[in-house]
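Morning, everyone. I have one structure to walk through today. Let me put it on the screen.

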Amino acid sequence: MHSKKLIVGNLKMHGRLKWNEDMLTALLTKIGKINNLDIALCLPFPYLWRAQSILSGTNIAWGSQNVSQYEDGAFTGSISSYMVAEFGCRYATIGHSKRRALTSENFQSAANRFTQALKANLTPIFCVGEKEGEREKGNAKAVVESQVRALLGSLDPQMLELMFKNKAVFAYEPAWAIGTENFAKPKAANEMHEMIRKIIAEKNSEYAKQVKIIYGGSMTPDNAEALLTMDNIDGGLVGRCSIDPSAFSQICETANQLKCGETS
Ligand code: PGA
């Protein structure tokens, strides 16, 4: 299980074209030579073409923050996985809790988006996590378990194969930790990741050993090491700190010292 960690920046709806260009260029200067880490940035759709021209051939991959649950057709305002794949995307985040809170997305549509991403040969990053109230009631594990089982249960054998082949990533992002000052306690997050890994092992034990299960929710340069040294935390999904090239680079430098499945 000693593969590279994965750090993904979720740029959300920040910046304009020039800002994006400057940010990508600054990141290349800071972390363009790191080689013991997988790095990706999930950008707003309009800037994917720019990521493609600036990041092609570098150690930083890019992706979209969502894809449609449909392949093609009369879906005004939607963008398909095949479209983003044409701009060199490797990743697509799917089912982010903020999207579920702000739009009509639910787990069924997230599972459909996940399938669409796989079909277009992308690596989906499937987000799961409990809400504050669910955690307060002591239901966090049950909620996350049901989210992972709902996804896996919805995939037919062919899609499961594609999921293994495309190395789909899981992101544990407790909703109460996203965009706040609170991050999950490393030990508690690690237990959640371990549980997710065990559920995946029921489908494919080899894949479960390799699957990257990353943590998201207020990861910063200050807490990255404590989180990333946990043996089931294979990386981070970083929001706020991804829009600050210095903070993002520091998190990447920390992760670059570590490997999956190792505690320091
Ligand atoms: P945050 O965002 O790092 O700002 O909490 C994480 C995310 O939304 O993926």
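**The barrel**

Start with the sheet: 8 strands close into a barrel, and the order is E1-E2-E3-E4-E5-E6-E7-E8, with parallel pairing. On average, neighbouring strands of this sheet are turned by 25 degrees against each other, direction ignored. Keep in mind that this is a predicted model.

Helix H2, residues 48-55, packs on it and touches strand E2 (37-43) and strand E3 (60-64). The direction of H2 makes about 170 degrees with that of E3. Next, helix H5, residues 107-119. H5 also packs on the sheet, touching strand E4 (91-94) and strand E5 (123-128). Here the direction of the helix makes about 165 degrees with that of E5.

Go to the end of the strand order. Strand E7 covers residues 213-216, and strand E8 covers residues 235-238. How many bridges join them? There are 2, and the strands run parallel. For Tyr 215, the bridge partner in E8 is Gly 236. Hold on to that glycine; we come back to it.

**Helix on helix**

Two packed helices are described by the angle between their axes and the distance between the axes. I have two pairs to show.

First pair: helix H1, residues 17-31, and helix H12, residues 245-256. They pack at about 35 degrees, axes 10 Å apart. The crossing of H1 and H12 is right-handed. Which residues meet? From H1 we have Met 23, Ala 26, Leu 27, Lys 30 and Ile 31. From H12 come Pro 245, Ser 246, Phe 248, Ser 249, Cys 252 and Glu 253. By class, that contact of H1 with H12 holds 7 nonpolar, 2 polar and 2 charged residues.

Left-handed or right-handed? H5 passes H8 in a left-handed crossing. H5 contributes Phe 114, Thr 115, Leu 118 and Lys 119, while H8 contributes Met 159, Leu 162 and Met 163. The contact of H5 with H8 splits into 5 nonpolar, 1 polar and 1 charged residues.

Leave aside neighbours within four places in sequence, and Thr 254 is in contact with Ala 224 and Glu 225.

**The ligand**

Last stop. How many residues surround the ligand? The count is 13, and the closest are Lys 12, His 96, Glu 173, Gly 179 and Ser 218. The side chain of Lys 12 has an N or O atom 2.7 Å from an oxygen atom of the ligand. For the side chain of His 96, an N or O atom is 2.7 Å from a ligand oxygen. With Ser 218, a backbone N or O atom lies 2.7 Å from an oxygen atom of the ligand.

That is my tour. Over to you.

Technical notes:
Residues are numbered from 1 along each chain as its sequence is written. This is a predicted model: local features need pLDDT of at least 70, side-chain atom pairs count only at pLDDT 80 or more; totals for chains, interfaces and linings use all residues. Side-chain values use heavy atoms; hydrogens and water are left out. Two strands pair if DSSP finds at least two bridges between them. Helices (H or I, at least four residues) and strands (E, at least two) are DSSP runs, numbered from the N terminus. Axes are lines fitted to C-alpha atoms, for helices over the stretch in contact, and angles run from 0 to 180 degrees between N-to-C directions. Contact means heavy atoms within 4.5 Å. A crossing is left-handed if the near helix is turned anticlockwise from the far one by less than a right angle, and right-handed if clockwise. Ala, Val, Leu, Ile, Met, Phe, Trp, Tyr, Cys and Pro count as nonpolar, Asp, Glu, Lys and Arg as charged, and the others, Gly among them, as polar. A residue is near a molecule or strand if one of its heavy atoms lies within 4 Å of it. A polar contact is a pair of N or O atoms within 3.5 Å; within protein, one must be able to donate a hydrogen and the other to accept it, and residues adjacent in sequence count only if both atoms are side-chain atoms.
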